Amino acid sequence: MSSLIDFIQPSKLHWLTVPRYAIVTVPFMLAGGSGVAGQGPVTLALLIIAALGFARLVWFKLLPHERARLNEAKTALYAAQPERAISRLQKKLRFAGAHYQVKRAALLAQAYSWQGEFINAHEALSERGTQHLLPDERLCLQCAWAQLFLDVDNPAEAQRRLAAIPGQECTENLGCLLLKAELALLNEHFLPARTLLETGLDRCKAPAERVFLHNNLARLEALLGRKDTQLRQLQAARMAFNNAPRADLTDIVHHNLAIALVRDGQPEEAKQVLREALAAGDTAELSHVIAVLNNHLHAAREAGDAGWIRNIYAEFDRQLERLKTRTPREQLALDITRLRMVRNDGIPRTTDNYPELIEHLLGRLAKPLPAIPESDRVAGLVELRHDLSREIETVFSQAGSVPERLAKLMQGAAKQLLAHNATIETYLSTLSPKLIGPLMLWHRYRTDADKAQIELAEGPDATQAAFTRLFNHLCEKAEWLAEQGTPQQVIEAWLIICDELLDYHDQLPPNAQPSWRKQYSGLAQHALDQATKHMESIKHHRQQIDQLIGLAYFNLKLRNDRAAAARWMNIVNTYTPSLEHYATWLREDYAYVCGVLEGGG
């Protein structure tokens, strides 16, 4: 009787209520009763059912058709085809067990994350609760959650997920080990990260596993400034890759190795590495070709080689002509992304009809096509407005005035963006607070909508209200990130406030600038102080080159503090960065700071 009472405790009721456990427990209990009643055949049948249920629970967690479906999805992911993986996993599978559902959720989240669809990834994992799972299933799901939170720039939540996993259990699982090492690298705990990764190398023999381990060791060496050791680790990753090539690993192996080779003065070897990357995947697959060409472009920018960059753009054109079959969504994304890339890389436009091009793109963004989600249209409008503003700045600097047609296009784009205000607010209200990356993206869209409101405001009261709304939103975002984000995210948020305040100040006529400074100088100084404080909390700054330049620039513009500017620029110069990776405006800020510090400003 006492054992029965113990069995029906709340913590053990799942053995009676959850089907995968009840199929073992209930027949076994009934068999006991039928045995006492002398019903031998019934008892035997019930015991067979219980035994089969136990075998399914412990030994046959995946049936052949379940394993085949998961392998199909993995094959698609390894081929860098996440859409195909998603399609296979979404197809209904008959008689699917709980173990399959956990594995499916983890793979589905991985595929969605690969495509940047983090909301869908979050939903895929949320469908599977963590209660009443077997230990290996719980580990799989917690690792999937941790990886998602790393992908959405929330390492604190990833750390909390991994903290629930016993240390030894995590170290014995490669996925968990890599996640722990990644978090150690992000927190600049280099010795624990090295210990984990080297432990993995001692234990793991599969080529793909060794690729990840060598690559992360290379990242560690790069953070420590050990370039030769970094290069050796990347070459080891390349050798492991060649033993079992996978298209999904080219972004890891070949991209990082090409950049390192360029920095080591071996651009021709870098080009050869990237040619290997193209051959490793399906050259008829648009996403693979674009990914490899983007990696070529990164390496060319790192080399500062204008000829190489031009050749890559020519190759882009050839490949896009060859691979013409594209969805409306893909084509729109390509057209808008191309505007930004061409401007940043200084590539001459293939047409002089810039206004007609913008009008055409605005027309496509205005159409509510089912094939193009509203979120894509909002993102496209923000990108288009950014490029249009850069075009207006360029024309104004050359001609001293803005053509009426460009001004009307900017106004039209502003009205079109404001029509999506409800969508922007909906995303900000409904997204999980833990999805920091997507939330930051929608905060960015709201900032641009606030700026559009300023552009369209009529009268001083409406304009002041629009400015108040903009800076209230920006401050709220910065304070939210100070609570939940990383130091890098917080620095970026405060620097954006500095940038917007200074940009609007410089747009005002000289007689209006003193009143602007009187109203907003305190906020500007506070924002710069906050950005400085958080930058000082970071030991290694290789990933903050743009923010360091920003700190130097705003110390000069807001405080005329050459000593502070020189301090941040000295850190920048220790990394000898290639500024070709960054937007034109950042390169201009860098040139301005250098000019002032060298006595020319």
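In this predicted model, Glu269 is partly exposed, with a relative accessible area of 29%. Its side chain meets that of Arg238 in a salt bridge, at 3.1 Å from N to O. The pair links distant parts of the chain, since Glu269 belongs to helix α17 (residues 267-279) and Arg238 to helix α15 (residues 227-243), 31 residues apart. Arg238 has a relative accessibility of 10% and therefore counts as buried, the limit being under 20%.

Side chains of opposite charge can pair when their charged atoms come close. Another pair is formed by Arg219 and Glu182, whose closest N and O atoms are 2.5 Å apart. Arg219 is partly exposed at 28% relative accessible area, whereas Glu182 is buried at 18%.

Arg338 and Asp317 also join through their side chains, with an N to O distance of 2.9 Å. Here the link runs between helix α20 (residues 328-345), which holds Arg338, and helix α19 (residues 306-322), which holds Asp317; the two residues are 21 residues apart. Arg338 is partly exposed, with a relative accessible area of 22%, and Asp317 is partly exposed as well, at 36%. Elsewhere, salt bridges link Glu157, Arg160, Arg161 and Lys434 in a network.

Just after α18, Gly304 adopts a positive phi of about 65°.

Most residues other than glycine have a negative phi. Phe95, however, has a positive phi near 60°; this residue is found in the loop between α6 (82-90) and α7, and is exposed at 67% relative accessibility. Asp153 likewise has a positive phi near 60°. Asp153 sits in the loop between α9 (135-151) and α10 (155-163) and is partly exposed at 38%.

Finally, the second largest pocket has a volume of about 270 Å³. It is lined by 13 residues, of which Arg20, Arg56, Ala96, Gly97 and Ala98 are the closest to its centre. Helices α3 (19-36), α4 (40-58) and α7 (98-114) each give two or more residues to this lining. By class, the lining comprises seven nonpolar, three polar and three charged residues.

Technical notes. Residues are numbered from 1 along each chain as its sequence is written. This is a predicted model: local features need pLDDT of at least 70, side-chain atom pairs count only at pLDDT 80 or more; totals for chains, interfaces and linings use all residues. Side-chain values use heavy atoms; hydrogens and water are left out. On a 1 Å grid over the protein atoms alone, a cavity is a set of points where a 1.4 Å probe fits but cannot get out, and a pocket is an open set with protein on both sides within 12 Å along at least five of seven lines; lining residues have an atom within 4 Å of a point. Grid points are joined across faces, edges and corners, and a volume is the space filled by probe spheres set on the points. Helices (H or I, at least four residues) and strands (E, at least two) are DSSP runs, numbered from the N terminus. Ala, Val, Leu, Ile, Met, Phe, Trp, Tyr, Cys and Pro count as nonpolar, Asp, Glu, Lys and Arg as charged, and the others, Gly among them, as polar. Buried means under 20% relative accessible area, exposed over 50%, partly exposed in between (1.4 Å probe, protein chains only). A salt bridge is a side-chain nitrogen of Lys or Arg within 4 Å of a carboxyl oxygen of Asp or Glu.
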